[in-house]
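Work through the exercises below with the structure in view. Try each task before reading its solution.

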Amino acid sequence: MSTADAVAGVLWTGVTAYAVFGGADFGAGFWSLAAGGGVHGRRARDLVDWAIGPVWEANHVWLIFVLVVLWTAFPTAFEAIFSTLFIPLSLAALGIVLRGAGFAFHKTARRLEGRGVAERLFGVSSLLTPFFLGTVVGAVASGRVPLGNAAGDPVTSWLNPLSLVVGALFVATSAYLAAVFLVSDARRAGVPDLEESFRVRALGAALVAGALAAAGLVVLHADARYVYDGLTHEGLPLVILSALCGLAVPWLLRRPGARGARAFAVAAVVAVIWGWGVAQYPYLLPEVLTVADGGGASATLTSVLIVFGVAVVLVVPSIALLFTLTQRSLVEEGERPL
Amino acid sequence: MWLPDALPLASNLEAARSQMAFTLGFHIVLASLGVAFPAMMLVANYRGLRHDDADALLLARRWSKVVAVTFAVGAVTGTVLSFEFGLLWPAFTGRFGEVFGVLFAIEGIFFFLEAIFVAIYIFGWRRLAPWTHFWAGVPIVITGLGGAFSVVAVNSWMNQPQGFSPTSGDVTKVQPLKVIFNPAVPYEVPHMILAAYLVTGFLVASVYAVGMLRGRRDRYHRLGLLIPLTIAAIATPIQFAVGDTAARAIAKDQPVKFAGMECVQQTATHVTEYIYGRCTSSGVKGGIGIPGFDSFLVGFSTDTQVTGLDSVPPDDRPPDNTMLHWAFDTMVGICTALIALGLWLGFAWWRRRDIPQTPWFLRVTAVSGVAAVVALEAGWIVTEVGRQPWIVNDVMRTEDAVTKADGIWVTFGLVVALYVALGVTLVATLRAMSRRWRAADESETEVPYGPPDAVPAGVSAGGAP
């Protein structure tokens with residue numbers, strides 16, 4: 001394995017972490033939006049706030065991590081993606097601003113209407129950002145991003161069936177992950193009725209995400225043959241693993257009070273992301289740019305690996321500390337949802 | 001430049017530069033708060049615990065809520081900047097990402113740790129043991145400094161690029177350590193970190209000065225003024241010395257930038273230092289001229305030769321000369337005035353162990369926050385506009401770095417609307433928090449530490465994130 005391959009692995013690790021942690025956060029925003037009005041809706045939103053409050057900031061640092069590793073290690077790919085996909089990436093950035101602002105302000109907005117506006121912003125942008133990031137992934141997978149400064153089509157590169165399906169799949173997967181997480185959070189908060197309602201939602205989201213994943217395979221077959229072939233050959237074991245884990249989640253959630261669904265939900269997402277990575281290898285941009293050709297200067301790649309090593313040593317224990325303190329409720333929002 | 005259809009590329013350059021300047025100018029204030037405010041919060045926290053000072057502890061607790069809000073907004077505006085590396089300047093990042101990127105990777109670690117410990121500190125007030133909680137705040141200060149170093153070192157590298165080859169065409173070889181420790185780092189990094197402490201100190205102090213002018217002269221307000229103002233008063237003279245060193249270094253390393261800052265048209269000795277005035281090709285019109293002083297400032301002798309703008313072709317000179325010159329003079333002028341404010345405080349403290357009694361002291365302190373922010377923005381105009389037309393000094397032109405994608409004027413318009421709303425909401429939110437706290441002061445006392453049962457109901461209901 002070359003240094004460039006190792007750095008690509010680092011990049012993919014960041015993508016995976018963002019998909020799982022950032023995805024669960026986006027999904028929580030989705031459920032906050034879908035919670036509806038009335039007392040039940042209010043309490044569901046309070047649970048979402050309470051669950052993601054201490055961790056949401058750290059969860060989104062993974063995106064910065066991915067961007068930085070991409071432009072440092074594979075600058076030409078970064079240039080190609082960000083210039084051709086100017087529109088969806090601008091919209092994703094817009095969603096990130098609205099989402100962060102909505103989340104930062106909704107707790108401090110005393111007046112109800114202000115709080116309602118902030119919450120809706122948070123919810124709607126939680127849909128926009130993963131959707132547009134999904135269209136970007138679809139554009140890359142289908143080879144619509146040529147090298148150079150804005151060399152690809154600014155519109156059809158991301159406004160095509162594959163991009164739209166992947167965008168929808170990202171939203172559904174986020175909602176699915178979040179619902180599974182919120183089942184555990186509701187249990188931790190001691191609110192059995194919300195635990196039950198998120199269990200039902202998790203089942204529904206699992207069905208939608210599964211259906212979209214199947215639809216995605218069909219579109220991939222038609223539109224992104226390289227990745228499709230990879231997923232059905234080299235990546236097949238991981239795809240099967242993902243499907244099995246994905247099926248285990250609804251099986252575990254079929255009865256109230258079941259445990260262990262969280263680990264399988266995460267495993268399903270991780271497995272499919274790595275299956276995708278294996279399918280796309282050795283390409284960074286399928287059939288346009290390989291990892292080896294796209295890699296920056298060797299000293300830079302080595303530096304990225306060193307920095308990543310330091311990050312593992314420093315950041316992983318710190319995240320573990322934060323999550324442990326949160327799970328033990330030593331670090332928490334002011335009030336538990338009632 | 002106002003006819004985007006006629007000149008698409010020139011228009012893209014103007015739009016991209018405007019958007020970058022606007023978003024960076026917005027983020028830099030929040031970033032400064034993010035770097036320096038946690039330190040002041042911890043000073044108050046330490047005082048509160050060490051001296052059993054309930055006022056200091058209450059300040060620390062409330063400041064941490066302000067840190068939470070500004071950090072969240074700063075994280076968002078910072079994310080936008082990292083998108084803009086690709087959305088606005090893809091050719092720059094495509095060519096040099098592998099050179100300067102490692103610094104951002106290092107910054108990523110610092111930012112990650114900062115986000116984690118900010119969360120632990122902010123959400124840990126009730127359940128963590130007091131000193132454990134204090135120590136959970138210390139990494140925020142350290143990572144803030146590290147993050148500032150990494151980001152500003154990238155800007156330093158754009159001013160003093162080195163550590164890569166070849167200098168034209170695709171980069172094939174990178175020496176990361178030469179990139180990280182480029183020659184502009186020793187003055188630019190401390191200059192920015194001190195600016196962060198200075199801006200935060202005066203800004204926070206100005207809030208309490210306004211409160212005292214409105215008659216709230218209790219110990220809580222005096223302490224809220226004194227802690228940040230003392231830190232800022234210490235930072236300001238050091239900043240003046242660092243800035244002076246930086247200006248001399250720029251006169252040597254980026255002489256054309258310096259010529260633009262000082263409106264020096266022809267290379268000469270005995271160059272006059274102009275305070276303000278209008279820059280024209282035939283010299284400075286208006287303004288106050290001090291003969292020979294510019295030469296003296298550069299080399300401690302009026303015989304010192306100062307490089308003029310005529311040393312390079314017109315295409316290689318920075319634009320908007322008068323604005324650049326005014327920005328430089330404004331920054332230096334405000335810093336000088338803030339030193340005087342610090343001396344005033346220091347003198348009164350030395351004589352009477354108290355802040356000056358006259359309302360004029362409070363009035364001046366009340367405007368010092370805005371003045372410090374103006375100086376900060378002026379400083380960034382100096383370094384960014386002064387480097388033009390280059391994005392990487394003498395290596396890559398800004399016009400060659402900009403995206404060829406359409407629609408930048410649209411995103412610029414959106415960004416302005418969005419950020420104005422963001423800024424207004426942020427200020428309104430902070431003011432609402434302050435009003436709520438004032439109301440809480442009149443009803444009951446907050447208890448920061450203690451078992452959850454002992455926490456009065458009002459505390460968590462008023463809780464910011």
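**Exercise 1.** Is the crossing of H2(B) and H3(B) left-handed or right-handed? Find also how the two helices run and which residues meet.

Solution. The model is predicted: local features need pLDDT of at least 70 and side-chain atom pairs pLDDT 80 or more, while totals for chains, interfaces and linings use all residues. Residues are numbered from 1 along each chain as its sequence is written, chains are lettered from A and ligands numbered from 1 in the order in which they are written.

Step 1. Helix H2 of chain B covers residues 54–87 and helix H3 of chain B covers residues 90–123 (helices, H or I of at least four residues, and strands, E of at least two, are DSSP runs numbered from the N terminus). Their axes come within 11 Å and cross at roughly 165 degrees (axes are lines fitted to C-alpha atoms, for helices over the stretch in contact; angles run from 0 to 180 degrees between N-to-C directions).

Step 2. With that angle, H2(B) is roughly antiparallel to H3(B) (under 35 degrees is roughly parallel, over 145 roughly antiparallel, 65 to 115 roughly perpendicular, the rest oblique).

Step 3. The crossing of H2(B) and H3(B) is left-handed (the near helix is turned anticlockwise from the far one by less than a right angle; clockwise is right-handed).

Step 4. From H2(B), the residues B:Ser64, B:Val67, B:Ala68, B:Phe71, B:Ala75, B:Phe85 and B:Gly86 meet B:Pro90, B:Thr93, B:Ala115, B:Val118, B:Tyr121 and B:Ile122 of H3(B) (contact: C-beta atoms, placed from the backbone, within 7 Å). This contact of H2(B) with H3(B) has ten nonpolar, three polar and no charged residues (Ala, Val, Leu, Ile, Met, Phe, Trp, Tyr, Cys and Pro count as nonpolar, Asp, Glu, Lys and Arg as charged, the others, Gly among them, as polar).

**Exercise 2.** Describe helix H7 of chain A and its crossing with H2(A).

Solution. 

Step 1. Helix H7 of chain A, residues 161–189, has 29 residues. From first C-alpha to last it reaches 41 Å, close to the 42 Å expected at 1.5 Å a residue (the expected span is 1.5 Å times one less than the number of residues).

Step 2. H7(A) is mostly covered, with 23 of its 29 residues buried (buried: 20 or more other C-beta atoms within 10 Å of its own; exposed: 12 or fewer; partly exposed: in between; C-beta atoms are placed from the backbone).

Step 3. After H7(A) comes A:Gly190, which has a positive phi near 75 degrees.

Step 4. Helix H2 of chain A, residues 38–52, and H7(A) have axes that come within 10 Å and cross at roughly 95 degrees. The two helices are therefore roughly perpendicular to each other.

Step 5. A:Leu47, A:Val48, A:Trp50 and A:Ala51 in H2(A) meet A:Leu182, A:Asp185, A:Ala186 and A:Ala189 in H7(A). By class, the contact of H2(A) with H7(A) divides into seven nonpolar, no polar and one charged.

**Exercise 3.** How many residues does each chain give to the contact of chain A and chain B?

Solution. 

Step 1. Chain A supplies 60 residues and chain B supplies 61 residues.

Step 2. On the side of chain A that touches chain B, helices H3 (56–73), H4 (75–84), H5 (86–106) and H13 (298–327) of chain A each supply at least two residues.

Step 3. That side of chain A has 40 nonpolar, 13 polar and seven charged residues.

Methods: Two residues are in contact if their C-beta atoms, placed from the backbone, lie within 7 Å.
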